[in-house]
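I opened the notebook on a structure I had not looked at before. These entries record what I looked up.

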Amino acid sequence: MNFIDFIIGALLVNAMPHLVFGLTKAHFLGLFGYSPKGNIAYAILQLIACCLLFYFNYGYDALLNNGIFMGGLTVLCLYFIFGKLLVSFYGKQKPE
């Protein structure tokens, strides 16, 4: 394991809270400020940087054969796709 692997993992893991805080419209400091749109943009930037670093370091075949990376990437992509729906669904429920 080298330093680039650490950066790849840190980018992938750090994209998740910025995406969640952006979707829930919470103000959380990111590269583009405290705004929710800025946090979503920062999460997308981190995802792109993470994938590019992995691709240039290991190649496309290693990307598909790395189960841990693909699992983390799948969870993050599912949050990108369904996150807004989940926030709107659970945000409308009233406590009993």
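I began with terms: axes are lines fitted to C-alpha atoms, for helices over the stretch in contact, and angles run from 0 to 180 degrees between N-to-C directions. Helices (H or I, at least four residues) and strands (E, at least two) are DSSP runs, numbered from the N terminus.

I noted that this is a predicted model, where local features need pLDDT of at least 70, side-chain atom pairs count only at pLDDT 80 or more, and totals for chains, interfaces and linings use all residues. Residues are numbered from 1 along each chain as its sequence is written, and side-chain values use heavy atoms, without hydrogens and water.

**Helices.** I found four helices and zero strands. I looked up α1 (residues 3–23) against α4 (residues 67–91): they pack at about 5°, axes 10 Å apart. That makes α1 and α4 roughly parallel (an angle under 35 degrees). Their contact (heavy atoms within 4.5 Å) includes Ile8 and Leu12 of α1 and Phe69 and Leu73 of α4.

**Cysteines.** I then looked for disulfides, meaning pairs of cysteine sulfur atoms within 2.5 Å. The count is zero.

**Burial.** Buried means under 20% relative accessible area, exposed over 50%, partly exposed in between (1.4 Å probe, protein chains only). Cysteine 51 is partly exposed at 24%. Cysteine 77, at 32%, is partly exposed. I logged 27% of the 96 residues as buried.

Note on methods. Angles under 35 degrees count as roughly parallel, over 145 as roughly antiparallel, 65 to 115 as roughly perpendicular and the rest as oblique.
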